[in-house]
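Morning, everyone. I will go through one model today, starting with a term and then working from the overall fold down to single residues.

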Amino acid sequence: MMVRGGIERNELIGVLKGKGTKIDKLRFAIMYLISSETINQPEAEAVEAALRESEVDTAAFQYVKKIKSLNVSLASANSASRSNIVDWAEKLYGQSISAVTAGVKNLLSNDRQLALARTVEALIEGRQNPETDSYLSFDPRAPKSGSGASSGHLKGPFKEAIVFMIGGGNYVEYGSLQELAQNQQPPKHVIYGTTELLTGVDFVEQLTLLGQKMGLGNVASTSTQ
């Protein structure tokens with residue numbers, strides 16, 4: 001059923017109408033949206049109807065659908081049209097669109113993972129990079145200064161790195177860093193840590209909360225049973 005680049009709609013609806021927990025059905029439906037390059041409205045409505053038939057709260061599904069449609073519109077619009085879309089989105093969401101799209105890009109794409117890998121690669125190799133020029137470096141071997149920090153570049157390359165994310169982390173970030181480490185010559189040793197490791201259920205709960213704040217959804221809550 002799962003194929004590279006998408007999910008077969010008819011089999012997906014069959015799963016949504018069959019056995020399984022509500023949270024698993026919702027996660028599967030969201031994966032369908034995320035894996036689709038564009039939103040096919042009739043198909044999306046059929047999937048949403050199948051979720052409602054199973055008494056699943058559709059707030060998260062509807063939220064992802066709206067954000068996905070907005071991202072597609074922004075990507076294809078010219079600068080003038082993009083400004084109109086942003087104005088519309090700010091009225092729709094009742095907040096700055098920058099706050100919305102910043103979180104959505106992290107949730108619905110691998111931009112954050114790629115950016116993290118690029119940053120770590122530049123730092124571990126000790127080379128200049130616009131993405132890391134503003135980073136402060138702390139070197140215990142360097143001459144003491146007032147703050148102990150330097151805006152200069154540490155001399156690399158380095159054999160080991162510890163990457164710690166303040167906030168939620170995930171397995172995809174960990175995997176991207178391990179792939180980076182193994183592709184280095186010679187291979188590096190990268191340790192990944194995070195304040196909180198988010199699960200698929202955590203992800204859906206956050207999307208549901210965002211959707212409910214927009215007045216989306218059809219039932220009070222999504223049960224994992």
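Buried here means under 20% relative accessible area, exposed means over 50%, and partly exposed is in between, with a 1.4 Å probe and protein chains only. This is a predicted model: local features need pLDDT of at least 70, side-chain atom pairs count only at pLDDT 80 or more, and totals for chains, interfaces and linings use all residues. Residues are numbered from 1 along each chain as its sequence is written, and side-chain values use heavy atoms, with hydrogens and water left out.

The overall picture, then. The protein chain has 9 helices and 4 strands; these are DSSP runs, helices being H or I of at least four residues and strands E of at least two, numbered from the N terminus. Along the sequence the pattern is β-β-α-α-α-α-α-α-α-β-α-β-α. Of the 225 residues in the protein chain, 34% are buried. Contact means heavy atoms within 4.5 Å. Among contacts in the protein chain with a separation of 6 or more, 68% are between residues 24 or more positions apart.

Now a helix pair. Helix α2, residues 22–35, packs with helix α3, residues 41–53, at an angle of about 175°, and their axes are 11 Å apart. The axes are lines fitted to C-alpha atoms over the stretch in contact, and angles run from 0 to 180 degrees between N-to-C directions. Angles under 35 degrees count as roughly parallel, over 145 as roughly antiparallel, 65 to 115 as roughly perpendicular and the rest as oblique. α2 and α3 are therefore roughly antiparallel to each other. On the α2 side the contact is made by Lys-25, Leu-26, Ala-29 and Tyr-32, and on the α3 side by Glu-43, Ala-44, Val-47 and Leu-51.

Next, the cores. A nonpolar core is a set of buried Ala, Val, Leu, Ile, Met, Phe, Trp, Tyr and Cys residues joined through side-chain atoms within 4.5 Å. The largest has 25 residues, and those with the most contacts inside it are Leu-16, Leu-26, Ile-30, Val-47, Leu-51 and Phe-61. At least two residues of this core come from each of α1 (9–17), α2, α3, α4 (59–76) and α9 (200–213). The largest share, 7 residues, is from α2. Apart from this core lies another, of 11 residues, among them Leu-116, Ile-124, Met-165 and Ala-181.

What do the ring pairs link into a cluster? Tyr-171, Tyr-174 and Tyr-192. Rings of Phe, Tyr and Trp (its six-membered ring) pair if their centres lie within 6.5 Å; planes under 30 degrees apart count as stacked, over 60 as edge-to-face and the rest as tilted. The structure holds 2 such aromatic pairs. Tyr-171 and Tyr-174 form a tilted pair, 5.7 Å centre to centre with 45° between the planes. Tyr-174 and Tyr-192 form a tilted pair too, at 6.3 Å and 55°. Tyr-174 lies in helix α8 and Tyr-192 in strand β4 (residues 189–197), so the pair ties together parts 18 residues apart in sequence. Tyr-171 is exposed at 63% relative accessible area, Tyr-174 is partly exposed at 34%, and Tyr-192 is buried at 15%.

Last, two backbone details. The peptide bond from Gln-185 to Pro-186 is cis, with omega near -5°, and Pro-186 lies in the loop between α8 and β4. Glu-55, not a glycine, has a positive phi of about 60°. Glu-55 sits in the loop between α3 and α4 and is exposed, at 53% relative accessibility.
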